[in-house]
Amino acid sequence: MKEIIISGLLLIQVLLVTAQTGTIKGTVSDSKTNESLIGTTVYIKGSTQGGITDFDGNYIIQKVEPGKYTLAVSFISYDPQEFEIEVKANEETVVNVSLAPATLDIGEVQVVAKAKRESEAMLLIDQKNASGIKESISSKRMSSLGVSDAAAATTKISGVTKNEGSGDIYIRGLGDRYLTTTMNGLPIPSDDVEKKNIDLNLFSTDIIGNVGINKTFDVETYGDQSSGAVNIGSKTYSDKIEIEASTGSSSNMLSDGVFGNFKSTQNMEDVSFGMYTKPYATIDAIKKQSWNTTERSFPLNRGLSLMGGKKLKLFDNDFSVFATLSHSNDFEYRNGVYKKYRMNSLNNSFTDAETFNTEYNTTGLLNLAYDFNENHNLNFNSMLIYKTTDELYEQGRNGEGYVRDQDPQEDGAFVRDQNSKETKIYINQLLGTHTINDKNKVNWALGYNWVNADEPNRIRNEVNILDENTVQFAHVGDFQQRKSLQNIEDSEVNGYLKDEFKFVDTEAKKLKVNLGGNFRMKQRDFNAMSVGVRAKGVQVKSIDNLDEALLNDALYKSGDLIIKERLPDMYSANLDVYGGFADFGFEFEKISGNLGVRYEMDQIDVEWDVANYVGRTGNLSNTYNNILPALNLKYQLNEKHSVRLAASKTVTLPEFKELAPFEYVSPTGRVTKGNPDLKHSQNYNLDVKWEMFPTTKELISLTGFYKMINDPINLAQTRGSSGNFIYENTGERADVYGVEFEARYDIIKAEETGEPGLNMVVNATKMWFNQDLLEIFQYNNKTETDLQGASGFIVNAALSYSNNKEKEFVATITGNYSDDKIFALGAPEDFDNSATLFNNEIVEKGFATVDLIVSKKLSERISLKFSGKNLLNPEIKQTQEIKPLSAEATTEVVSSYKKGMNLSLSVKISLN
């Protein structure tokens, strides 16, 4: 024991002793203008030691062993330089550099050169130096991979998949409710009543500097997370003015013959430049506005974007302006099948479920940055997103549709759902950084968000095709022919204050504490109403001219058609979050990390008045008080290798839409309902990671992780005969185990300009899930299940080639595969007969995708890009095991479609 104690004391002494190392520091500037160059890469050749210049052009490389080195300095669009230097122990070697603009001008300069974290090299250095487990993708890499939005960007990060149907992303198998989304560190709201997080498809790459995912909990962030925190870093500056135009189409549009017969909803008659103007109130639209569909001419995808910036002097201080504006119009067609089973018997069946989708997206970003001096600066971001989505869904046009117990008959069922959705989002942020002295730094931010998500005129018809010349309106209730509206309005004020104190700041030892707090005050108002037409026994000649009856005033006067109204559904909700934290950071030679604790009070208040709730009205007020600790440790084995350990506790709060008992009907007819009795989940997280950085641009890592979720929330099929879906705490505990691997490697290294380079990125995640089922959710002797929405295996890969010449040619092929995952848990129809009367879980089958992106710089100002996405065009399907009482079990496809291959061509022109 004595020897062990002495050895331990000696080890501690070795770790705490000051190392005999030196420091390299300096500034990098433009040789012509003397302006500081932000984001310049400075590194020691043949090692992984290096850095990126900050907003003042400064860099520092610490803990350099004494000796002679070659210092390399490189910056896109400038001639690189190398310096022979000598580092001495306990001394600073100062190397100030002036770079001359190069004649070579590689594409996408504005992304890499002028943004602090839009460089892949800098993001890797951030990842290497971070105390937590963090991964990011830069805007330059997004461009080379053909990524068009933030949702697609996240799938290039290990352990992340995207649901092709909904656009939701899953981190380590956990979906929407287990993650959180911010922009520049401030929360941003959801645009969809069905989701907690905003649709990342709304964030085009024109406004993105980088996308990062922190997979371990940081006490400075909100506690409502488990799988990870997604942060979108907006672009901040570019001195170039560029315009880009693109066009393209889908193989589905061409091969299925819909290009010349592309349908859209009646609402498109009232859309101009992507903006919808409602001509009638819903009650008036019943008899005054057509119920038929329309057609779109020349449905070719197109887009146009413009971006630029300027840096100037204001009161003798740096002031920069950056703005971008983009507009796109895209079309998509899908064709597949849809079925629904209840108690292992067929309930609905359609073999020709068609979707025609038209989308307009206008996005603008304005960034203003002002430096009062080198210690104080302000940054203002204002972003506008205006998106209009028009979706026409039809099933049963081929006459083979089936709906059990439908009147006038079960066969020949046809459903049409026309829905347009307008989403307007305003995000405003003001951020400040103040260096009080070399020991104290303060960061603060305030944000105001406003969202309006409007479905102004949804039209739904359910009919039966009796023969080729006779169509009769279906009648099971009075609202199978209806027009409806839905509106969500969210507003939120949020902010944070962080105060960093450095107690010790030497090469050998560092000790600091971050104190601060953050808050959110979010309010939502939701309302929906429907007006139906009772049309029992009424017939028309064609499903393409329902106006023959529904706009016939004589049928209303005779009583054959009867307008039915009901009270609107509505709920209002508030979320107030107040949190405070203390985070202690330390570094003693090779050991570094942070230990933090967060106190957070979350209060959710919801009031509702909805038709499907007994008595219609109700309310709840839930308060959650939590103390959330987090520990991150890092041990630097040597210059290239390190190991990490992270442990934390987080929570998962029920969302407004999961608590409010409102029933939302999808175009296919799936009904999802909230549950006021939901409890919040408590999550315990553990990560262990080894990583190696062979060079400043290469990475190999292996991570093991474990999560225990108490009272997990899942989307499940309801108990009883409705066959709908509901959010439930389906068990007491869920366990998630996983392993992640990532590698970024230069197969062919481009040592000099003009030499070709070939690099590869591979990341893979394998996970195992298990959760118990409460007795009321058990059926057919099933007492445990996988976690809803979780894929057991995920792999992403990319291979990229560049000739690195003046007229650069880049080709990148990417692939992604995600394994099966549960879309919705099963449930018994009747608890007393749960062994025989039940609905099995619905499984979304795994599939693979492959994309190809090729770009060519034609001249100093003009470049072309071709992209082919979804080249394998896999079938995206959901299946369900059906087990009839008197037959063998079979696996049935309950939903399927193909997205088609998407081909596009774009040209980018630099105007200066």
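**Aromatic clusters, cores and an open sheet**

Phe262, Phe331, Tyr333 and Phe356 are linked into a cluster by ring pairs, a pair being two rings of Phe, Tyr or Trp (its six-membered ring) whose centres lie within 6.5 Å, with planes under 30 degrees apart counted as stacked, over 60 as edge-to-face and the rest as tilted. The model is predicted, so that local features need pLDDT of at least 70 and side-chain atom pairs count only at pLDDT 80 or more, while totals for chains, interfaces and linings use all residues. Residues are numbered from 1 along each chain as its sequence is written, and side-chain values use heavy atoms, with hydrogens and water left out.

The structure holds 16 aromatic pairs. In one of them, tyrosine 370 and phenylalanine 372 have ring centres 4.8 Å apart and planes at 85°, and the pair is therefore edge-to-face. Tyrosine 370 counts as buried because its relative accessibility is 12%, whereas phenylalanine 372, at 39%, counts as partly exposed; buried means under 20% relative accessible area, exposed over 50%, and partly exposed in between (1.4 Å probe, protein chains only). Tryptophan 608 and tyrosine 613 also form an edge-to-face pair, because their ring centres are 5.4 Å apart and their planes stand at 85°. Here tryptophan 608 is buried at 5% relative accessibility, and tyrosine 613 is partly exposed with a relative accessible area of 29%.

The largest nonpolar core has 37 residues, and those with the most contacts inside it are Tyr571, Ile604, Val606 and Phe656. Such a core is a set of buried Ala, Val, Leu, Ile, Met, Phe, Trp, Tyr and Cys residues joined through side-chain atoms within 4.5 Å. Two or more residues come from each of strands S30 (509-534), S33 (569-588), S34 (591-609), S35 (617-636), S41 (713-717) and S42 (725-729), and from helix H10 (656-659). Helices (H or I, at least four residues) and strands (E, at least two) are DSSP runs, numbered from the N terminus. S33 gives the most to this core, with five residues. A second, separate core of 28 residues includes Ile157, Met183, Ile188 and Leu200.

Leaving aside neighbours within four places in sequence, the contacts of isoleucine 604 include Asn574, Leu575, Asn622, Tyr624, Phe656 and Leu659, contact meaning heavy atoms within 4.5 Å. Asparagine 622 lies in strand S35. Residues up to four places away in sequence not counted, asparagine 622 touches Asp602 and Gln603 as well as Ile604.

Strands S41 and S42 return in an open sheet of four strands, ordered S37-S38-S42-S41 with mixed pairing; two strands pair if DSSP finds at least two bridges between them. S37 (663-665) and S41 stand at the edges, each with a single partner strand, so one side of each is left without a neighbour in the sheet. S37 and strand S38 (residues 671-673) run antiparallel and are joined by three bridges. In this pairing, valine 665 stands opposite valine 671 in S38.

Serine 349 belongs to strand S23 (residues 345-373) and counts as buried because its relative accessibility is 11%. Beyond its neighbours within four places in sequence, serine 349 is in contact with Tyr338, Lys339, Glu400, Gly401 and Tyr402. Serine 349 and serine 895 are 546 residues apart in sequence, with 9.8 Å between their C-alpha atoms.
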